[in-house]
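Let's take a friendly walk through this structure together.

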Amino acid sequence: MAKKHSVKNAGTNSKTEDLAKNTVSSDGELMTTDQGLKINDDQNSLKSGERGSTLLEDFILREKITHFDHERIPERIVHARGAAAHGVFELYESVSEYTKAGFLQMPGTKTPVFVRFSTVAGSRGSSDLARDVRGFSVKFYTEEGNYDLVGNNMPVFFIQDAIKFPDLIHAVKPEPHNEIPQAASAHDTFWDFISLMPESMHMIMWAMSDRAIPRSLRMMEGFGVHTFRFVNAAGKSVFVKFHWKPLLGVHSVAWDEAQKISGKDSDFHRRDLYDAIENGAFPEWELGVQIVPEKDEHKFEFDLLDPTKLIPEELVPVKIIGKMTLNRNPDNFFAETEQVAFHPGHLVPGIDFTNDPLLQGRLFSYTDTQLSRLGSPNFHEIPINRPIVPVQNNQRDGHMRHQIDKGKSSHSPNTTAGGCPFQAKAAEGGFTSYNERIDAKKIRARSQSFFDHFSQARLFLNSQNPAERNHLTDALRFELGKVNDENIRQRMLGLLSQVDRTLATDVADALGMVVPKNPEMPMNHSIPADGNPKKFQPFPFESSIKVSTALSMTTTVKNTIKSRQIAVLAANGVDEDALVKMRSALEAGGATVQIIAPKLGTIKGIKAQFKVNQSFLTAASVLFDAVYVPGGQKSLAALLDEPDAIHFINEAYRHCKAIAADAQGIDLLKATAVAKEFDGDKKVDPSTGIVLDRPAKDFIQAIAKHRVWEREAFRKVPA
Ligand code: HDE
């Protein structure tokens with residue numbers, strides 16, 4: 001007789017408990033070997049006499065060194081550098097109309113998540129502030145198994161077909177003959193590849209925009225990129241695009257700042273995420289979906305399956321369905337952040353794929369790469385990868401198997417185990433693939449509907465405000481300026497001219513070149529399968545949407561200074577009342593305040609003294625969002641005597657940050673480039689971001705705007 005099967009309800013928050021079972025703390029414990037033998041001496045190896053040779057017999061030494069020798073695993077081929085956190089996703093409203101996914105049914109449902117952010121090109125030890133795409137991977141530990149949404153902070157990608165991915169990555173990684181440069185796209189091989197791939201132009205606009213140098217991982221959007229499917233309980237399907245929108249808005253640093261941060265604190269993003277969570281400033285994103293009914297699949301000017309296209313929010317609004325909060329740092333970087341294994345093919349019932357040829361290739365790659373990175377098909381048993389529901393199947397053995405499967409049966413169908421484990425019917429939560437109709441010839445070709453490579457690149461460019469557009473132009477000038485081969489630059493100018501003639505001219509000007517009149521279009525990869533280039537008819541080259549406000553970061557500014565880092569420059573003799581008042585107001589707004597002084601230790605006011613957080617030796621303006629200089633005659637004299645204080649202000653000014661000063665503090669600004677703003681002794685409008693002798697609320701308002709980018713247009717500051 002067949003046994004009755006039951007699925008245990010694992011409970012929504014048990015992921016934490018599950019991990020806790022594997023957590024070891026050595027608090028108050030004695031040291032042991034890996035076999036549990038108590039160790040008496042961990043300072044000296046076993047020797048033949050005090051000055052003699054070490055004995056092979058020393059199994060304690062050998063165990064320790066052997067383990068050490070094998071501590072490294074291969075880093076990820078891409079997205080090697082990452083930082084992660086635990087959290088929870090809470091559903092606002094039911095999405096049952098579109099999907100039967102269990103965690104998207106009941107408003108208020110909480111699902112534990114683990115999120116890993118990453119850069120793409122650099123090695124594990126590379127700088128956080130590289131100009132790069134950021135990975136945004138979310139593992140939902142749902143009651144129906146793990147669901148991974150493995151996305152990026154940009155909604156499109158460089159290529160349309162998975163078969164080009166190794167080429168893209170080989171091109172962007174350090175050049176193979178000398179392994180230079182690290183974590184940078186500004187080199188010949190990357191731009192050589194791009195200049196031959198017109199389909200990459202839309203993504204290039206994003207990658208050259210400030211989105212590629214985020215202020216914080218907490219201040220970037222996330223996108224699923226591909227079009228996916230939702231499938232509801234009735235088996236009806238719609239197309240869906242996923243969006244994560246940060247509640248702090250989307251903000252970036254300046255490129256000059258990014259390069260300096262890479263030197264001053266190459267862990268800037270990792271530290272920022274960690275500190276924010278430790279300080280209780282939990283990062284939050286809302287999850288949004290764009291839903292397209294199946295009947296509308298062909299109604300757009302682009303192909304929904306083409307991952308170089310987004311759906312403008314003007315055409316399909318983003319419906320917000322829930323919120324994710326990151327509220328706990330990993331206990332151990334390696335065990336969790338390094339060993340987590342994401343895969344776009346980790347699905348739950350109610351979510352399915354489309355035929356996007358990039359997504360299809362990814363479905364092969366992720367498990368395959370875990371086999372070499374984590375070394376075993378049992379990587380799902382590593383605590384961070386384990387679902388919160390029981391895993392029951394006939395997969396057996398392999399390196400490092402943890403699960404002890406009982407009984408003599410590991411085959412199906414069977415009678416020897418009473419038929420267990422049973423297949424689940426769809427009504428019991430068994431996964432069924434969407435029954436998409438397929439009637440086609442096998443072919444190596446791309447649909448003609450994928451051939452518009454420029455209109456959305458133009459849409460993105462036209463949606464930028466003047467400062468954003470300048471930054472994008474400067475980024476192209478920088479990147480192509482680092483390209484040595486003039487033919488590559490020439491081809492790039494040709495491609496850019498197809499996006500926007502002025503953009504191409506502006507870039508060409510800085511390169512001392514001219515835009516080619518009739519650039520040859522590298523279309524070799526896009527020729528239809530019958531090999532007849534004449535058949536190549538460009539798909540509509542103009543988007544009917546000319547500007548999409550969601551594509552500019554300036555429309556995401558929120559009125560908050562929560563978790564912003566503010567530097568106070570001060571020395572002995574500081575006006576303590578002003579300092580205390582400003583600090584309290586900033587902290588009440590959720591900002592973190594650090595006092596920077598010529599020396600560590602304390603500084604004195606008249607009655608009180610203040611702990612110095614950093615001296616000018618370790619602090620740098622690029623690590624802060626804004627700066628305040630309180631009054632105090634003696635404090636001013638000491639700061640004026642400190643070239644680093646002058647540099648601090650100049651640099652903050654150059655990077656368009658809010659700067660406030662009171663009383664004698666203003667005299668410090670007079671010794672810097674900010675003096676230009678004074679225009680005699682007239683009062684300065686605080687909307688310029690220069691806040692002099694004004695209440696804290698004006699400074700707070702200026703910080704909340706993130707940056708006064710307009711400042712760049714009329715002031716070039718040599719800092
Ligand atoms: Fe990935 N990608 N990818 N990718 N990807 C990996 O898997 C790959 C693509 C993304 O935090 C690898 O476990 C192929 C698009 C993220 O652990 C690897 C193709 C998008 C992460 C891999 C793509 C992504 C990865 C390396 C083209 C945005 C980091 C380590 C068909 C939607 C996950 C690993 C983490 C990681 C392959 C394209 C996002 C090699 C073949 C498009 C966020 O399997």
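Predicted model: local features only at pLDDT ≥ 70, side-chain atom pairs only at ≥ 80, totals over all residues.

The division itself runs as follows: domain 1 covers 54-385, domain 2 covers 453-554 and domain 3 covers 560-714.

As general background, nonpolar side chains in soluble globular proteins tend to be buried together.

Which residues does Phe 158 touch, leaving aside its neighbours within four places in sequence? The contacts of Phe 158 are Val 133, Leu 168, Phe 190, Ile 194, Glu 199, Ser 200, Met 203, Ile 204, Ala 207 and Thr 308.

How many of the eight residues of H5 are buried? Eight of the eight are, so H5 is largely enclosed by the rest of the structure. In order, they are Met 201, His 202, Met 203, Ile 204, Met 205, Trp 206, Ala 207 and Met 208. Around them, the packing partners are H4, H10, H11, H12 and H13.

Next, turn to the aromatic rings. The model contains 24 aromatic pairs. One of them joins Phe 89 and Phe 140 edge-to-face, with 5.6 Å from centre to centre and 90° between the planes. This pair links distant parts of the chain, with Phe 89 in strand S1 (residues 82-91) and Phe 140 in strand S3 (residues 134-142), 51 residues apart. Both Phe 89 and Phe 140 are buried.

Phe 230 and Phe 242 make another edge-to-face pair, at 5.7 Å centre to centre and 80° between the planes. Here the link runs from strand S6 (residues 228-231), which holds Phe 230, to strand S7 (residues 237-246), which holds Phe 242, and the two residues are twelve apart. Phe 230 is buried with a relative accessible area of 0%, and Phe 242 is buried at 5%.

Phe 89, Phe 103, Phe 117, Phe 136, Phe 140, Tyr 147, Trp 244 and Trp 285 form one aromatic cluster. Charged side chains meet rings too: the charged end of Arg 131 sits over the ring of Trp 255, 4.9 Å from its centre. Lys 139 lies over the face of Phe 342, at 5.1 Å from the ring centre.

The peptide bond from Ile 180 to Pro 181 is cis, with omega near -5°, and Pro 181 is in the loop between H3 and H4. The bond from Cys 420 to Pro 421 is also cis, with omega near -10°, and Pro 421 is in the loop between helix H9 (357-373) and H10.

Two residues other than glycine have a positive phi: Val 225, near 70°, and Met 400, near 60°. Val 225 lies in the loop between strand S5 (222-223) and S6, whereas Met 400 is in the loop between H9 and H10. Is each of them buried or exposed? Val 225 counts as buried because its relative accessible area is 7%, while Met 400 counts as exposed because its value is 64%.

Our last stop is Thr 672, in the loop between helix H17 (665-670) and strand S18 (690-692). Thr 672 is buried, with a relative accessible area of 7%. A polar atom of its side chain lies 2.6 Å from the backbone oxygen of Leu 669. Beyond residues up to four places away in sequence, Thr 672 touches Ile 646, Ile 649 and Asn 650.

How values were computed
Residues numbered from 1 in each chain as written. Heavy atoms only, no water. Helix = DSSP H or I, 4+ residues; strand = E, 2+ residues; numbered from the N terminus. Buried < 20%, exposed > 50% of the residue type's maximum accessible area, 1.4 Å probe, protein only. Polar contact = N/O pair within 3.5 Å; in protein donor to acceptor, adjacent residues only side chain to side chain. Contact = heavy atoms within 4.5 Å. Phe/Tyr/Trp six-rings, centres within 6.5 Å; stacked < 30°, edge-to-face > 60°. Lys NZ or Arg CZ within 6 Å of the ring centre and 35° of its normal. Domains from an automatic or database assignment.
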